[in-house]
Amino acid sequence: MISSYLPGRTFLHRIGAGWKLLALLLVSMVLLPVDSPLVLAAVLACALGLLASLGSGAGTVLRSLKPVAFVVVFILALHGLFGTLEAGVIVALRLASLLLLATLITLTTRLDDMLDTLTPVLRPVALVGLSERRLALAIALAIRFTPMLVDVTRQLNEAYRARSGRNGHVKLVAPLCLHALNAADHIAEALAARGGVDGCPPESTDGEEDKVRR
């Protein structure tokens, strides 16, 4: 799940977040034992068809998935070198299908809907003293801000390549960390302005200020 929300009114947007996550879980369980390249290719074609149904934004999404495509090709090459090409094709098709289906969910699901769906599912973590809403928010933010960091990395690399003619690689780590920390500060400020992580206003500090003044 590496793409941000794409506004729209397609039938995928109208399906509830819980149903989409459940469908992804079931499809994942069904595809894991499948070893037929034809079946996996058909699933990938269906996923591409669903992506095309989103309209003009589909092309932009596919371009943003280039890093994922490189990973899939790398896995295929590893299997070709150290295993069998057929096994590599099966793994690559299965991985590409599941990643594309997961991307479709984040494209058509708002962050609030994702959070509301994950919160009751994570309720058992309260038994060990954790807040299910905080954990759900952490998962949702990780899903949402992964594409942002990927895009920032791409922009930093393009800027470095424009100046030096080479890719940045390790030299991009420091500025990327600074961008991530800056984004985290903005997120924290936005959450505080909306009443905190749990949706409750922060405790008043007037009493403490009065004590200091005295």
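The dialogue below takes up the fold, the core, the surface and some side-chain contacts.

Visitor: What does the secondary structure of the protein come to?

Guide: One begins with the elements and their order. This is a predicted model, and its secondary structure comes to 10 helices and zero strands. Along the sequence the pattern reads α-α-α-α-α-α-α-α-α-α.

Visitor: How many of the residues count as buried, and how much area does the protein expose?

Guide: Totals for the whole chain come next. Of the 214 residues, 28% count as buried. The protein exposes about 13800 Å², of which carbon and sulfur atoms supply 67%. As for contacts with a separation of 6 or more, 65% are accounted for by residues 24 or more positions apart.

Visitor: Which residues of the largest nonpolar core touch the most other members?

Guide: A core may be read through its members and then through the elements that supply them. The largest nonpolar core has 29 residues, and those touching the most other members are Leu40, Leu51, Leu54, Leu100, Leu104 and Leu118. Two or more residues each come from H2, helix H3 (37–52), helix H4 (57–64), helix H6 (85–107), H7 and H8. H6 gives the most, with nine residues. To take one member, Leu40 is in contact with Leu31, Val34, Ile90, Leu93, Arg94 and Ser97, when neighbours within four places in sequence are left aside.

Visitor: Which residues form the nonpolar patch on the surface?

Guide: Here one lists the residues and then asks where they lie. The patch consists of Phe11, Ile15, Trp19, Leu22, Leu25, Leu26 and Met29, which together have about 720 Å² of accessible area. Helix H2 (residues 17–31) gives the most to this patch, with five residues. Leu26 is placed in helix H2. Its relative accessible area is 46%, so Leu26 is partly exposed.

Visitor: What does Thr117 touch, and which backbone oxygen does its side chain reach?

Guide: Thr117 lies in helix H7 (residues 111–121). Its side chain reaches the backbone oxygen of Asp113 at 2.9 Å. Not counting residues up to four places away in sequence, Thr117 touches Ala17, Gly18 and Leu21.

Visitor: Where is the place of Asn167, and with which residues is it in contact?

Guide: Asn167 sits in the loop between helix H8 (132–164) and helix H9 (173–193). With a relative accessible area of 35%, Asn167 is partly exposed. Beyond its neighbours within four places in sequence, Asn167 is in contact with Asn157, Tyr160 and Arg161. The side chain of Asn167 makes polar contacts with the side chains of Asn157, at 3.3 Å, and Arg161, at 3.2 Å. Asn167 and Asn157 are 10 residues apart in sequence, while their C-alpha atoms are 6.0 Å apart in space.

Visitor: Which side chains meet in a salt bridge?

Guide: Side chains of opposite charge can pair when their charged atoms come close. The structure holds one salt bridge, in which the side chains of Arg154 and Glu158 meet at 3.1 Å, N to O.

Definitions and conventions
Residues are numbered from 1 along each chain as its sequence is written. This is a predicted model: local features need pLDDT of at least 70, side-chain atom pairs count only at pLDDT 80 or more; totals for chains, interfaces and linings use all residues. Side-chain values use heavy atoms; hydrogens and water are left out. Patches are made of residues with over 30% relative accessible area and no salt bridge: like charges are joined within 9 Å, nonpolar side chains (Val, Leu, Ile, Met, Phe, Trp, Tyr) within 5 Å. Accessible areas come from the Shrake-Rupley method with a 1.4 Å probe; for residues, only the protein chains shown count as cover. A salt bridge is a side-chain nitrogen of Lys or Arg within 4 Å of a carboxyl oxygen of Asp or Glu. Helices (H or I, at least four residues) and strands (E, at least two) are DSSP runs, numbered from the N terminus. Buried means under 20% relative accessible area, exposed over 50%, partly exposed in between (1.4 Å probe, protein chains only). Contact means heavy atoms within 4.5 Å. A polar contact is a pair of N or O atoms within 3.5 Å; within protein, one must be able to donate a hydrogen and the other to accept it, and residues adjacent in sequence count only if both atoms are side-chain atoms. A nonpolar core is a set of buried Ala, Val, Leu, Ile, Met, Phe, Trp, Tyr and Cys residues joined through side-chain atoms within 4.5 Å.
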